[in-house]
Amino acid sequence: MQASSEFQELRRRFRAWTFPMTAAFLGWYLLYVVLSGWARDFMGIKVLGNINIALILGLLQFVSTFWIAWAYARHMEKKLDPIADKLRHEVEEQAK
Amino acid sequence: MSVAAVVIVVVAAILIGAFGLRLSRTTSDFYVASRTVTPLWNASAIGGEYLSAASFLGIAGLILTHGADMLWLPVGWTGGYLVLLVLVSAPLRRSGAYTLPDFAESRLESMAVRRTASVLVVLIGWFYLMPQFQSAGIVLRAITGAPGWVGGLLVAVVVAVNVLSGGMRSITFVQAFQYWLKLTALAVPLVFLLMAWRSGGAPGLSEHDMTHWQLPLSSAKEYGLYSTYSLILATFLGTMGLPHVLVRFYTNPDGRAARRTTLVVLSLLGAFYLLPAIYGWLGRIYAPDVAGTDAVVLTLPGRVIGGTLGDVLTALVTAGAFAAFLSTSSGLTVSVAGVIAQDLFGGGAVRAFRLATLLAVAVPLGLAVWARSLPVADVVGLAFAVAASSFCPLLVLGIWWRRLSSAGALAGLFVGGGLACAAVMAQITGGPYGGLVGALLAQPAAWTVPIAFFVMVVASFLTPHRVPAGVARTMVRLHTPETLNLDRGDWRSRSS
């Protein structure tokens, strides 16, 4: 079971998406901190009244958090659940 | 009026607890019942339990005091859920373990690791309960003038009574209701506050605040960059180690529902966390003098609007705050008492559970009265740091690295958790300290998390013979989708 190529494919797809995505979103969060530390003038540019770029980027962090979770759920349902279902059917066929 | 609001919330909590007891007798099984719960209700319940006093009062206070730097707290608390979702939630659900000690025992096949994890769960729970009780004291003192310990005692007694009566069994709907109560209690006054702000000519921040308060890393805090990085690490990696969070993932029937629930949780948390940020910003304009306390949310309605409407809105905010203390404290108390009863008293008997509940509540209450009061969000942040330095390495390495040995896990838990706990105790009893040492103690995660990972990996390499014998089977169980009906082994906790 563990050696079957589809099971390996399942694990590979999970890792191939999860690990780079985790790295990407950690990078995006750290970008905010880096900009705050070393690009202060840029962060202070006023866009609209009192609202500066730092504030907008800060609020975008909430939006991106939600987006990543949505993308994760979508990816799982489209790419992984079908293989898992297929594997299950095969296991059930063998059991009959 | 605010006193009446507190009385109503407290009485309602006790009544719902008593009613829940009757409900749970007629319901065949708590877990089966909760599996009929829709993702929205389930997510509301998770949000209701997760949004503690620190979320309700603390963020607004810290943003008022330190400015935009503190946006990282809510971002981190939301992002922590994301890390938990992507890296840990599905494998952990499949492991068959219900709690962190269960997972530790099943993965590493060692009672020593299980006991250590239990002690850490209890410590983290206590560090999290303590600021809930402290802020209850602050709120009650603000509205009645009662001494600080009265509010903490009130919340502790209500929670203990509720948990002891068994009312927590059907808590999902109660906690879901509390999320919406908390959201309403922040949102409705905010609508009035913003209307008053507009009709008052929409005053902006002062020139000084524009450059010093609104720009990140520019407040007067020393080592701001280090503190921010450390805060991010603690909140992102600590959420997965909070005792009351993980168990909630088991209320979902399968991985798909769990993912959908988490998605809703993230939207609910994001929606909620925008509100205290706006409170902090308004507080900078109207009430800069309450900086350094957690009182800004309670102060603003009376100060900006005033009159009867101001009183009503203050009462609403106060009710929301008490709902926050009660729901988070209840969830934590149940988790902590369960661990104390099962792992430290060695039995699931009712008497052991009652004794454990008293212990679970009494110790943090004592700490809350005895320790100097730090801002509530700071203390909660320290609990996150302890969780991030102990359970995060255990979970991540345990799930994704098959060479983790029991000796390595034990060493990492002791060193990482021990260092973080020492920093927390130093901060609570004697802090805040100045200079670099002060910054390192106030935000320990940036050095304790890497140390914990390092120790766990190196000690595992040094003790390859202590890699558990059943690791291959455990890994299959962790990483195979639960729709696959295969032999997942027959792990059962030895202590139950």
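**Entry 1: chain B as a whole**

I began with burial in chain B and found that buried residues make up 62% of its 496 residues. I took buried to mean under 20% relative accessible area, exposed to mean over 50%, and partly exposed to mean in between, with a 1.4 Å probe and protein chains only. The model is predicted, so local features need pLDDT of at least 70 and side-chain atom pairs count only at pLDDT 80 or more, while totals for chains, interfaces and linings use all residues; side-chain values use heavy atoms, without hydrogens and water. Residues are numbered from 1 along each chain as its sequence is written, and chains are lettered from A and ligands numbered from 1 in the order in which they are written.

I recorded 21 helices and zero strands for chain B. Helices (H or I, at least four residues) and strands (E, at least two) are DSSP runs, numbered from the N terminus. I then looked at contacts, meaning heavy atoms within 4.5 Å. Among those in chain B between residues at least 6 apart in sequence, 85% join residues at least 24 apart. The accessible surface of chain B comes to about 17200 Å², and 68% of this belongs to carbon and sulfur atoms. Such areas come from the Shrake-Rupley method with a 1.4 Å probe; for residues, only the protein chains shown count as cover.

**Entry 2: chain A as a whole**

I repeated the survey for chain A, where buried residues make up 39% of the 96 residues. Chain A has three helices and two strands, and I read their order from the N terminus as α-α-β-β-α. Of the contacts in chain A between residues at least 6 apart in sequence, 64% join residues at least 24 apart. Chain A exposes about 5500 Å², with carbon and sulfur atoms supplying 66% of it.

**Entry 3: annotated spans in chain A**

I consulted the UniProt record, an unreviewed entry, which lists residues 21-39 and 51-73 of chain A as "transmembrane region". UniProt positions are given in the numbering used here, feature names are shortened, and annotations may be inferred rather than shown by experiment. In the model, residues 21-39 of chain A are 95% helix and 0% strand, with end C-alpha atoms 25 Å apart. Residues 51-73 of chain A are 91% helix and 9% strand, and their end C-alpha atoms lie 33 Å apart.

I next examined a residue from each span. Leu35(A) belongs to helix H1 (residues 5-38) of chain A and is buried, at 18% relative accessible area. Gly58(A) sits in helix H3 (residues 53-95) of chain A and counts as buried because its relative accessibility is 2%. What does Gly58(A) touch, not counting residues up to four places away in sequence? I found Tyr32(A), Leu71(B) and Val75(B).

**Entry 4: helices of chain B**

I checked the length of helix H15 (residues 307-344) of chain B: its 38 residues reach 53 Å from first C-alpha to last, close to the 56 Å expected at 1.5 Å a residue. The expected span is 1.5 Å times one less than the number of residues. H15(B) is mostly covered, with 28 of its 38 residues buried. Gly346(B), with a positive phi near 65°, follows H15(B).

I also inspected Glu109(B), which has a positive phi of about 50° although it is not a glycine. Glu109(B) lies in the loop between helix H6 (100-108) and helix H7 (111-144) of chain B and is partly exposed, at 36%.

**Entry 5: Ser460(B) and the cysteines**

I located Ser460(B) in helix H20 (residues 445-462) of chain B and noted it as buried, at 2% relative accessibility. A polar atom of its side chain lies 3.1 Å from the backbone nitrogen of Ser405(B). Beyond four places in sequence, Ser460(B) touches Trp401(B), Arg403(B), Leu404(B), Ser405(B) and Gly408(B).

How many disulfides are there over all chains? I counted zero, taking a disulfide as a pair of cysteine sulfur atoms within 2.5 Å. The sulfur of Cys392(B) is 15 Å from the closest cysteine sulfur, in Cys421(B), and is therefore too far for a bond. Cys392(B) is buried, at 1%, and Cys421(B) counts as buried at 12%.

How values were computed. A polar contact is a pair of N or O atoms within 3.5 Å; within protein, one must be able to donate a hydrogen and the other to accept it, and residues adjacent in sequence count only if both atoms are side-chain atoms.
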